[in-house]
Amino acid sequence: LVNSPLAVIKGGYYPLKLNDLFSWLIIVEIILSTFGYVLLFILIKRVGAVYYTLVNAVAVVAGVGYGYLIFGQQFDWLMLVGVIFIMLAIMLLTYLQGNIKKLR
């Protein structure tokens, strides 16, 4: 709500035209983002917030990996420690979830 008036005042919106490739790419991105959010809410409703958090953690690790492979981003020791903590948290949650289901 705050950004929209500022974008209109500054002319920050890209004018969509039906005969422009970039306009169609923007439209496709909007559709895909909408579809992704719908899937996100379905996922949270079906499996719960804990599994969504695991998916989100994997996305962060994948983003760091893609940054290294595609963009040549350099790792430092702090990123490595963060990735290790994320992996340990995923392993711990998976282990605890499995044991809780066995007790029921």
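Here are my entries, topic by topic.

**Before starting.** I remind myself that this is a predicted model.

**Helix H2.** I began with the length of H2, which runs over residues 21–47. I find 27 residues in H2, and the distance from the first C-alpha to the last is 38 Å. That is close to the 39 Å expected at 1.5 Å a residue. What comes after H2? I see Gly48 there, with a positive phi near 100 degrees.

**Ser23.** Is Ser23 buried or exposed? Its relative accessible area is 1%, so I note Ser23 as buried, since the cut-off is under 20%. Next I asked which residues Ser23 is in contact with, leaving aside neighbours within four places in sequence. My list reads Tyr14, Pro15, Leu16 and Lys17.

**Helix H3.** I moved on to H3, residues 49–71. Its 23 residues should span 33 Å at 1.5 Å a residue, and I get 31 Å between the end C-alpha atoms, so the two agree. Which residues of H3 are buried? I wrote down Leu54, Ala57, Val61, Val64 and Gly67. Just after H3 I come to Gly72, whose phi is positive at about 70 degrees.

**H2 against H3.** How do these helices pack? I read an angle of about 130 degrees between H2 and H3, with the axes 7 Å apart. That angle makes H2 oblique to H3. On the H2 side I find Leu40, Leu43, Ile44 and Val47, and they meet Ala49, Tyr51, Tyr52 and Val55 of H3. I sorted the residues of this contact by kind: eight are nonpolar, none is polar and none is charged.

**Gly67.** I went back to Gly67, one of the buried residues of H3. Its relative accessible area is 7%, so Gly67 falls under the 20% cut-off for buried. Which residues does Gly67 touch, not counting those up to four places away in sequence? I find Gly72 and Gln73. I also looked up how far Gly67 lies from Asp20, which is 47 residues apart from Gly67 along the chain. Their C-alpha atoms are separated by 30 Å.

**Ile90.** My next stop was helix H4, residues 77–103, where I find Ile90. I note Ile90 as buried because its relative accessibility is 16%, and buried means under 20%. Leaving aside neighbours within four places in sequence, I see Ile90 in contact with Leu54, Ala57 and Val58. Of these, Leu54 and Ala57 are on my list of buried residues in H3. I also checked Ile90 against Val38, 52 residues apart along the chain, and their C-alpha atoms are separated by 24 Å.

**Aromatic rings.** Last, I searched the whole structure for aromatic pairs; how many are there? I found one. Tyr68 and Phe75 form this pair, with 5.4 Å from centre to centre and 40 degrees between the planes.

Notes: Residues are numbered from 1 along each chain as its sequence is written. This is a predicted model: local features need pLDDT of at least 70, side-chain atom pairs count only at pLDDT 80 or more; totals for chains, interfaces and linings use all residues. Side-chain values use heavy atoms; hydrogens and water are left out. Rings of Phe, Tyr and Trp (its six-membered ring) pair if their centres lie within 6.5 Å; planes under 30 degrees apart count as stacked, over 60 as edge-to-face and the rest as tilted. Axes are lines fitted to C-alpha atoms, for helices over the stretch in contact, and angles run from 0 to 180 degrees between N-to-C directions. Helices (H or I, at least four residues) and strands (E, at least two) are DSSP runs, numbered from the N terminus. Angles under 35 degrees count as roughly parallel, over 145 as roughly antiparallel, 65 to 115 as roughly perpendicular and the rest as oblique. Contact means heavy atoms within 4.5 Å. Ala, Val, Leu, Ile, Met, Phe, Trp, Tyr, Cys and Pro count as nonpolar, Asp, Glu, Lys and Arg as charged, and the others, Gly among them, as polar. Buried means under 20% relative accessible area, exposed over 50%, partly exposed in between (1.4 Å probe, protein chains only). The expected span of a helix is 1.5 Å times one less than its number of residues.
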